[in-house]
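Morning, everyone. Please bring up the structure on your screens, and I will walk you through it.

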Amino acid sequence: MNKTIARAALVATFAGAALATVATPAFAGAKPSCVSVDVRSFNHVIMYNNCSSSQKLKVVWSYARDSGCFTVAAGGSKDVNAYNQPLAQYDKVVTC
């Protein structure tokens, strides 16, 4: 009985560690200072790229899936919303 409980705890520990690894991609980084974000509402933002080169950016939402990765040209902008995810709340923009 004790061995079964110990094995279950070990499996749960490894499964939790695997999920934590998947949930936090190593390649996501802080947005450059030349990128600005206009938060229109809790689930609607516009990203502005004021950098001299294109930037790959994504929106991180709390309580919902993050956006896909968008390439925003220098001087360009990208309007992003999470209207199809009713619990989504803007958290931050990161590079991808």
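Let's start with one residue. Ala73 touches Asn49 and Ser54, leaving aside residues up to four places away in sequence. Take Ser54 there. Ala73 and Ser54 are 19 residues apart along the chain, yet their C-alpha atoms are separated by 4.3 Å. Where is Ala73 found? In the loop between β5, residues 70–72, and β6.

A word on what you are looking at. This is a predicted model. The protein chain averages a pLDDT of 82, and 72% of the residues score at least 70. One stretch needs care. Over residues 8–24 the pLDDT is below 50, and beyond near neighbours in sequence this stretch has zero contacts in the model. Where pLDDT is low, the predicted coordinates should not be read in detail.

Strands of a sheet pair through backbone hydrogen bonds, either parallel or antiparallel. Which order do the strands take here? Three strands form an open sheet, ordered β2-β3-β6, with antiparallel pairing. β2, residues 35–41, and β6, residues 77–81, stand at the edges. Each has a single partner strand, so one side of each is left without a neighbour in the sheet. On average, neighbouring strands of this sheet are turned by 20 degrees against each other, direction ignored.

Go through the pairs. β2 and β3 run antiparallel and are joined by six bridges. A hairpin of two residues connects β2 to β3. Look for Ser41: it stands opposite His44 in β3. On to the next pair. β3, residues 44–49, pairs with β6 in the antiparallel sense over five bridges. Here Ile46 has Asp79 in β6 as its bridge partner. How covered is β3? Mostly: five of its six residues are buried.

There is more pairing to see. β4 and β7 pair in the antiparallel sense, over six bridges. Trp61 stands opposite Tyr90 in β7. β7, residues 89–95, also runs antiparallel to β1, residues 29–30, and two bridges join them. In that pair, Ala30 stands opposite Val94 in β7.

Next, the inside. In soluble globular proteins, nonpolar side chains tend to be buried together. Which residues make up the largest nonpolar core here? It has twelve: Val35, Val45, Met47, Cys51, Leu57, Val59, Trp61, Val72, Val80, Ala82, Ala88 and Val93. β3 and β4 are the elements that give two or more residues to this core. The largest share, three residues, comes from β4.

Pick out Met47 from that core. Leaving out residues up to four places away in sequence, Met47 touches Ser36, Leu57, Val59, Phe70, Gly76, Ser77, Lys78, Val80 and Val93.

Two more residues, and then I am done. First, Gln55. Gln55 is found in strand β4. Is Gln55 buried or exposed? Its relative accessible area is 14%, and the cut-off for buried is under 20%, so Gln55 is buried. What does Gln55 touch? Not counting residues up to four places away in sequence, the list is Pro32, Val35, Asn49, Phe70, Thr71 and Val72.

Second, Tyr63. Tyr63 lies in the loop between β4, residues 55–62, and β5. Most residues other than glycine have a negative phi, and most peptide bonds are trans. What is the phi of Tyr63? Near 65 degrees, a positive value in a residue other than glycine. At 63% relative accessibility, Tyr63 counts as exposed.

To recap. The open sheet runs β2-β3-β6. β4 pairs with β7, and β7 pairs with β1. The largest nonpolar core has twelve residues, and β4 gives the largest share of it. Over residues 8–24 the pLDDT is below 50. Thanks, and over to you.

Key
Residues are numbered from 1 along each chain as its sequence is written. This is a predicted model: local features need pLDDT of at least 70, side-chain atom pairs count only at pLDDT 80 or more; totals for chains, interfaces and linings use all residues. Side-chain values use heavy atoms; hydrogens and water are left out. Two strands pair if DSSP finds at least two bridges between them. Helices (H or I, at least four residues) and strands (E, at least two) are DSSP runs, numbered from the N terminus. Axes are lines fitted to C-alpha atoms, for helices over the stretch in contact, and angles run from 0 to 180 degrees between N-to-C directions. Contact means heavy atoms within 4.5 Å. Buried means under 20% relative accessible area, exposed over 50%, partly exposed in between (1.4 Å probe, protein chains only). A nonpolar core is a set of buried Ala, Val, Leu, Ile, Met, Phe, Trp, Tyr and Cys residues joined through side-chain atoms within 4.5 Å. pLDDT is the predictor's confidence in each residue, from 0 to 100.
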